[in-house]
Structures are given as structure tokens and as C-alpha cells.
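Trainee: Please take me through one part of this model in detail, with the cut-offs behind each term.

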Amino acid sequence: MKTKQFKQFFKASALALALATAIPTFVHASDEVVAVVDNSVILKSDLEASMTELKHQLESQKKQVPPEQYLAQQALEQLIIRQTQLEQVKRYNIQPDEKSLNEAVLNVAKQSGSTSLEAFQQKLDKMAPGTYASLRSRVAEDLAINRLRQQIVTSRIQISDQDVKNFLNTPQGQAALGNQVHVLHVRVSGDNADAVAKQVKAVLANDNDVAAIAKKFSTAGTKVEGADMGFRALSDIPSELAARVSPLHVGQTTDLITVRDGVHLLKLVERKGAEQKAIVPQYKARHILIQPSEVVSPENAKQMIESLYNRVQKGEDFAVLASTYSNDTGSARDGGSLGWVSPGVMVPQFEETMKNTPVGQTSKPFQTQFGWHILQVTETRQQDMTAEYQERMARQILGERQFDAELDSWLRETRNRAFVEIKDPNLDRKNNKS
């Protein structure tokens with residue numbers, strides 16, 4: 001899922017403030033512990049920096065800053081929740097890769113006017129030695145927490161095939177797909193509006209001439225208005241009306257919709273899906289994988305894959321070699337076959353090599369995070385993946401809807417399970433309920 005992908009794990013304002021608050025954290029000979037969280041402690045200097053950050057956020061959002069004690073309680077609670085997540089980061093040994101960390105820090109650097117990490121480091125350490133390292137550590141923690149949340153919270157979100165089907169049948173789902181409907185709209189107002197509307201509905205079942213119907217049923221005391229709305233995206237129709245139209249079959253009319261300005265009827269004349277199709281290239285591929293291990297060094301793995309490549313080039317059967325030597329046991333049983341592969345399924349290095357390997361030829365050895373490979377593309381095709389794309393989009397939307405609620409639930413559970421000892425009773429919200 002992708003997701004929404006997910007919310008940003010930090011705000012520019014908070015990071016900009018971190019530049020200012022990073023310096024004081026180095027000089028606290030008499031710093032005191034304000035809270036213990038599992039195996040870690042929160043210092044008074046941490047709390048002061050967090051209070052400054054929280055106050056800055058509230059002011060930037062033009063919100064009222066609460067009294068000092070309440071602000072301290074809120075800031076401490078944020079630190080506790082953050083630390084409970086960092087404890088899990090350590091437990092699961094989650095670490096951001098160097099590339100992602102450099103990109104995140106460079107993003108902060110650009111916000112502060114620096115164009116490179118080197119210039120940014122010089123700028124910060126000129127303010128105080130170690131400031132850059134402190135900020136980099138903070139960003140690394142944020143990245144690790146974000147990855148932890150993605151792994152744990154996403155695994156808690158359960159979306160069934162029926163959930164996807166139900167969503168795609170709702171006005172929101174139809175609108176997300178870009179579906180359009182051709183609708184007739186009739187409004188009846190004045191005397192005996194309900195009775196006249198029932199007669200109009202009976203005629204509408206077999207007649208689409210709303211102008212003639214409006215003329216036929218309009219009287220001195222009853223006004224009937226009809227309009228052919230043509231094709232419109234469901235997202236362009238008021239949600240309360242779209243909800244009535246979405247479940248209709250072609251030719252059906254809604255029940256009477258009674259509102260303040262009269263009785264409304266809607267008839268679905270025609271429905272059409274989004275014209276855009278998801279046509280994607282697919283590759284029928286097979287590969288051989290040699291993984292480094294305790295007994296196979298990275299150098300030996302490379303030598304082995306090069307030897308297999310040379311044997312294929314001399315005419316030996318790729319499928320036989322894959323069945324015999326490949327460490328990918330799942331595909332090795334089928335001669336190294338991966339079946340039809342769509343873009344985005346494989347890791348980037350594998351996908352790039354697959355795309356650039358002509359049909360029937362063997363790629364030169366290449367390396368991914370899994371080890372050393374050679375591959376063959378035996379066939380290519382253009383595949384209509386519209387239905388699969390729509391289902392993935394629905395799962396992503398449903399996942400995004402559930403993510404925030406599931407995240408809040410998980411954070412509460414994590415907080416409740418953690419051992420937390422707050423040293424100052426005035427900072428404990430349980431003892432100071434307002």
C-alpha cells in the first residue's frame with residue numbers, strides 16, 4: 001500500500017527550530033532527569049527544548065499558547081511517546097540507510113539556504129561544534145520512527161477484497177475512478193408535490209424526455225422542472241445526490257427525495273468508466289541468484305555467477321543451471337522462472353536490467369541487495385492492468401483512511417505498555433487533570 005503515501009514525519013518549522021535547540025544540549029553538567037522511559041531517560045534540557053519547539057509550532061499556527069505548566073506537561077508527553085517508539089526502533093534494530101539519511105538532511109540544509117551537506121555542516125559546526133552531528137542524529141531517529149510506523153501500523157490495517165469491492169461501488173470510489181454518469185433531474189414543488197412526483201416517476205421509467213414530462217405535469221399550483229444533466233463525473237455531483245445515483249442500474253430512477261425546495265427525482269440514463277486505461281509492459285523473466293553466505297564470500301558469489309553466465313553463453317540450458325545452482329528456491333524449482341513481471345515489483349537494479357535485456361538474451365552478472373544475478377527475458381507484452389490498478393488505488397485510499405486512527409491506537413497501546421516514571425509530580429498529567 002502506499003501509500004499516501006503517509007504523513008510527513010517532521011515539519012519544516014520543527015526542524016528549523018531544531019537547529020537552534022541543538023546547541024544547548026551539549027552543555028548540561030547539572031542536567032537533571034525529569035522522566036524515565038523503559039531503559040532511557042528524558043533530561044530537563046530535552047524538556048526545555050521540546051517546550052520551545054511546541055510553543056513555536058502553536059505560534060506559527062496562530063494558536064493560543066497554554067500556561068507554562070500545561071505546556072510542560074504536553075511537551076513531556078510528546079517526548080515520552082517519542083521515546084517509547086525509539087525503544088522499539090532499538091529493539092527491532094531499524095536504521096535508515098545512508099542515502100535516505102543524506103537526502104533528508106540535505107532537504108533541511110536547503111531549507112536553511114545551504115546547497116550541500118558539506119556547507120551545511122560547516123555552517124552548523126561554526127555555531128557550535130557537534131551541532132551538525134546532533135541534528136543528523138535527530139533526523140535519523142525521525143526516519144527510523146517513520147519506518148517503524150509504516151511496518152507496524154500498516155500490518156495492523158486489514159482490508160478485505162469485499163472492502164475494496166464495496167468502496168469501488170460507493171460514490172467516493174466511483175469518483176476516485178473518474179467514472180461518469182448521464183443523469184436526468186426532475187424537481188416537483190407546490191401543491192400535491194409528493195403525489196405528482198410519484199406520477200412523474202412512473203412516466204420516467206419509460207421516457208427520457210424530461211422537458212415534455214415537466215410540461216405535462218405542471219399546473220397552476222404545481223411546478224415541475226426537468227433537466228438533462230448530461231455526462232458528469234460523480235465527483236462533480238453534490239455528495240448527497242451522488243450517493244443516490246451510484247447504486248442505480250441504467251434506466252432506474254431514485255425514490256422520491258424530499259427536501260425543502262420540493263421533491264427530486266434522478267434517473268440514470270447511462271454510465272461510463274474512466275477512459276484512461278492502465279496499459280503496462282510486462283516481462284516474462286527467469287533468473288539465477290547466488291547469495292553470499294557464511295561459506296560463500298561476496299567475491300566467491302561474484303565468481304560463481306560469472307562462471308554460470310559463461311556456461312549459458314556457451315549453450316548450456318539456463319533452466320537446468322537455475323534448478324541446480326540458484327539460491328532463489330522458489331523460482332529454481334521452475335527453472336528460474338519468475339512468470340510475468342510488472343513494473344514496480346522488483347528492486348530497481350533488477351527491474352532496470354530486465355528492461356534493458358533483449359528477449360532471448362542473457363544479462364551480464366549484476367548485483368542487488370539479495371546477491372548476484374543473471375537473467376533472461378523470454379517474452380514481453382502490453383497488459384491491461386486497469387482493474388488491478390483500481391483495486392490497488394482503492395486499497396491505498398482505504399489504508400490512508402485507517403492509518404491515522406490505527407496509528408493513534410498503536411501509540412496509546414505503546415504508551416500504556418511502557419514503563420514510565422515522571423520525577424516531578426507537577427509534570428504528571430494524571431495528577432493535574434484540568
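Mentor: Asp 142 is found in helix 6, residues 131–156; helices (H or I, at least four residues) and strands (E, at least two) are DSSP runs, numbered from the N terminus. This is a predicted model, in which local features need pLDDT of at least 70 and side-chain atom pairs count only at pLDDT 80 or more, while totals for chains, interfaces and linings use all residues. Residues are numbered from 1 along each chain as its sequence is written, and side-chain values use heavy atoms, with hydrogens and water left out.

Asp 142 has a relative accessible area of 5% and is therefore buried (under 20%; exposed is over 50%, partly exposed in between; 1.4 Å probe, protein chains only). Its side chain makes a polar contact with the side chain of Arg 82, at 2.7 Å. Such a contact is a pair of N or O atoms within 3.5 Å; within protein, one must be able to donate a hydrogen and the other to accept it, and residues adjacent in sequence count only if both atoms are side-chain atoms. Between the C-alpha atoms of Asp 142 and Leu 86 the separation is 9.1 Å, although these residues are 56 residues apart along the chain.

Gln 88 lies in helix 3, residues 68–91. With a relative accessible area of 5%, Gln 88 is buried. The side chains of Gln 88 and Thr 414 make a polar contact at 3.4 Å. Leaving aside residues up to four places away in sequence, Gln 88 touches Leu 148, Ile 152, Trp 410, Thr 414 and Arg 417 (contact means heavy atoms within 4.5 Å).
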